[in-house]
Amino acid sequence: MPTQIIMPQLGESVVEGTIGKWLKKEGDLVKEFEPIMEVTTDKVDTEITASAAGVLLKILIADGTTVTAGTLLGWIGQPGEALPAGVGGAHPVAVGGHAPAPAAPATSLPGSAPAPQRDLGFISPVVAKLAAEHKVDLAQVTGTGGSGRITKKDVQAFVESRKSGLQPRPQEEPAPWETPGDGDLFRPAELQMPGRQTASAAPPPQPGTELIPGTTVALNPMRKAIAEHMVRSKHTAPHVTTVFEVDMSRVAAHRETNKAMFARDGANLTFTAYFVAASVAALKAYPVINSSFADDRLLLKKEINIGVAVSLGDEGLIVPVVKRADEKSLLALAREVNDLANRARSKRLKPDEVQGGTFTITNHGVSGSLFATPIINQPQCGILGVGAIQKRVTVVNDAIAIRPMCYISLTFDHRITDGATADYFLAKMKETLEGWGQSS
Amino acid sequence: MPELTLIEALRQAMDEEMARDDRVFITGEDVGPRGGVFRATLGLYEKYGAQRVIDSPLAELSIVGVGIGAALYGMRPICEIQFADFIFPAFNQILNEDARMYYRSGGEWAVPMVIRAPYGGGVGGGLYHSASVEAFFAHMPGLKVVIPSNPADAKGLLKSSVRDPNPVLFLEPKKGYRLIKGNVPEGEYTVPLGQAAVSREGADLTVIAYGIMHYYCLQAAEKLAAEGVSVEVVDVRTLLPLDKDTLLASVRKTGKALIVHEDNLTGGYGGELAAIIADEAFTDLDAPVKRLAAPDVPGVPFSHPLQDWFMPNPEKIAHAMRELAAY
């Protein structure tokens with residue numbers, strides 16, 4: 001029985017996704033959990049993996065097409081397996097600016113016209129093996145077996161004729177003009193003249209659309225999603241923000257002391273890890289903040305899953321989630337926050353890594369902001385804003401002292417709780433951060 | 001090299017082994033002055049006397065039991081079962097005693113005995129004189145099961161069987177006794193047990209068979225060659241222990257396997273071969289592993305038209321080869 005490939009729901013509020021690119025062609029062998037396509041949604045770009053091993057039997061939806069979650073995209077099965085009768089793709093959903101692209105093979109060999117997709121018939125084990133070994137696109141092989149099946153001999157003949165130049169070579173072999181040349185002319189200057197200092201690299205140019213005044217710019221899917229989400233959140237929850245100031249001396253000292261040790265364990269110890277840890281302490285103390293408002297009741301969440309907003313520059317932002325943050329050490333949190341942030345920037349997050357958050361932290365201080373009033377990430381109760389850590393003059397025991405200070409703000413859903421609880425929450429955070437290393 | 005029939009080669013093997021080793025003796029129904037119903041032992045009674053070529057009662061259990069006892073006392077018996085169909089009274093002796101003796105005694109007692117039995121149909125023998133019994137015995141570890149397909153192998157394999165320190169069931173394709181002729185090397189030689197042979201090289205598909213079916217397969221392969229299909233033929237020769245390497249190497253080369261036997265299909269020895277190929281050569285297969293065997297009926301029919309319907313023959317084999325080649 002063939003297995004369906006379904007467009008997953010890649011986020012709680014995500015209803016559709018765009019097929020960026022199929023990574024496999026019809027007839028390709030796929031392993032279970034092997035990436036088979038790239039999918040772009042308004043929240044995350046990810047790879048969809050095969051839910052079964054076999055052969056990609058059928059691609060129903062072409063690259064560049066946007067479809068609703070749950071749409072049947074294709075089939076995986078055994079070579080030659082028949083698809084259930086009457087199946088087909090759902091109708092693609094056209095999105096403004098993202099009209100469905102015409103179907104095209106995912107890859108085409110240089111110098112050859114894209115081969116039309118055809119039913120390859122049964123692919124025997126040895127044909128699959130030979131095709132993989134010799135990088136043969138079976139769609140280009142003429143089958144001479146029963147019912148036009150591609151036989152072992154057909155593949156061998158194809159490979160032979162390719163050797164003799166009658167068939168296009170596989171894509172892996174670059175065209176001659178793309179092969180790097182030899183000699184000094186082709187070597188980087190700094191290798192040729194090691195003594196000479198090369199100019200320090202300028203910041204890489206920002207990719208993306210050039211913004212020309214007086215024109216309009218189509219929204220990318222992420223921007224559209226953010227717009228929709230922000231309006232909905234403001235419309236849904238009455239936002240109230242409260243702000244505390246925290247002395248980060250002990251955290252900073254702890255970080256200085258432990259940074260090298262954490263680095264040895266492969267973790268970059270950032271302040272964010274401390275804020276996640278302190279949020280956990282405060283959420284444990286005030287579980288009402290770790291909840292959702294649901295019409296006539298509060299849903300108090302069992303898990304503490306903390307989203308950490310990661311800016312992707314002009315494109316937007318994304319909120320990967322540290323799951324079960326309450327069960328993790330500072331080292332584990334640091335490691336996970338680094339990992340999620342890195343992969344968020346390279347768009348390598350898995351769908352479930354942006355889901356299931358129960359509370360969110362936005363570290364707007366990285367861009368210099370002192371304090372802000374962030375918008376709640378629905379359907380959560382609150383969002384913590386972390387400002388820039390600055391050395392400020394402050395009064396300690398009636399003396400003037402210079403301390404690394406930081407404003408933290410909690411924006412909360414006033415339907416769920418009131419200012420006093422929110423303040424207790426922030427007070428607990430302040431206490432945790434300012435007393436870091438004292439009790440724990 | 002003189003050309004001999006299969007049965008002449010077998011007789012020569014027994015003669016040479018009896019001359020070489022006076023522990024070797026023959027027992028079975030009518031093996032003495034009569035020379036056996038197929039004349040396999042013709043002349044041996046006259047040459048070696050009644051002490052070494054012994055007519056037995058019509059009791060297969062006894063023939064094998066006596067052989068086991070003699071072997072344990074240091075003799076090298078060759079027990080003849082007149083038709084493989086009659087072997088079942090001795091089934092218990094063969095399985096429970098013969099095959100297990102070495103294992104049961106922790107290697108202290110071995111049974112160096114050969115049981116010869118003509119087997120197979122196509123001779124108008126009906127239900128009691130046509131059976132293929134190899135599947136029953138190839139299931140039994142401790143036993144060796146040998147089936148020759150040509151005179152040279154028959155002689156060399158039988159000599160190896162006589163010299164083997166453990167029991168060998170030597171099944172002879174009786175239809176081939178006088179039908180299959182071939183050159184037999186002069187002088188002393190043996191063919192080792194446990195080695196299959198590629199009897200015809202080919203590229204398009206592998207056909208695996210033994211006994212008379214192997215003989216038919218060579219004929220069918222010749223026919224297919226004229227049609228442009230290159231068939232490789234593998235002669236199993238020893239069913240137990242099986243030479244998997246030769247078999248698998250051939251199938252890996254051609255990507256297609258057809259197994260032919262005249263025993264009926266279900267539970268036949270071909271099922272084991274098919275399973276081994278599917279398991280160990282899966283990624284080299286270009287087609288399903290096919291079996292051509294007799295239909296699942298209780299015996300080889302006596303009626304000639306029905307016997308023809310039952311028996312695989314070169315035409316049926318060629319047809320199966322063509323189908324597999326075209327897959």
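A residue is classed as buried when its relative accessible area is under 20%. In this predicted model, A:Cys381 has a relative accessible area of 0% and is therefore buried. A:Cys406 likewise counts as buried, because its relative accessibility is 0%. A disulfide is a covalent bond between the sulfur atoms of two cysteines.

The contact between the two chains was examined next. It is formed by 13 residues from chain A and 13 residues from chain B. The size of an interface is often given as the accessible area lost when the parts come together. For chain A and chain B, the area buried between them is about 880 Å², of which 43% lies on carbon and sulfur atoms.

Polar and charged interactions also span this interface. Twelve residue pairs are in polar contact between chain A and chain B, with both residues at pLDDT 80 or more. Three salt bridges are found across the interface of chain A and chain B. A salt bridge joins the side chains of A:Arg149 and B:Asp286, with an N to O distance of 3.0 Å.

On the side of chain A that touches chain B, at least two residues each are supplied by helix 1 (125–133) and helix 2 (152–163) of chain A. Helix 1 of chain A provides the largest share of that side, namely four residues. By residue class, the side of chain A that touches chain B comprises five nonpolar, four polar and four charged residues.

Notes. Residues are numbered from 1 along each chain as its sequence is written. Chains are lettered from A and ligands numbered from 1 in the order in which they are written. This is a predicted model: local features need pLDDT of at least 70, side-chain atom pairs count only at pLDDT 80 or more; totals for chains, interfaces and linings use all residues. Side-chain values use heavy atoms; hydrogens and water are left out. Contact means heavy atoms within 4.5 Å. Buried area is the accessible area (1.4 Å probe) that two parts lose on being put together, summed over both. A salt bridge is a side-chain nitrogen of Lys or Arg within 4 Å of a carboxyl oxygen of Asp or Glu. A polar contact is a pair of N or O atoms within 3.5 Å; within protein, one must be able to donate a hydrogen and the other to accept it, and residues adjacent in sequence count only if both atoms are side-chain atoms. Ala, Val, Leu, Ile, Met, Phe, Trp, Tyr, Cys and Pro count as nonpolar, Asp, Glu, Lys and Arg as charged, and the others, Gly among them, as polar. Buried means under 20% relative accessible area, exposed over 50%, partly exposed in between (1.4 Å probe, protein chains only).
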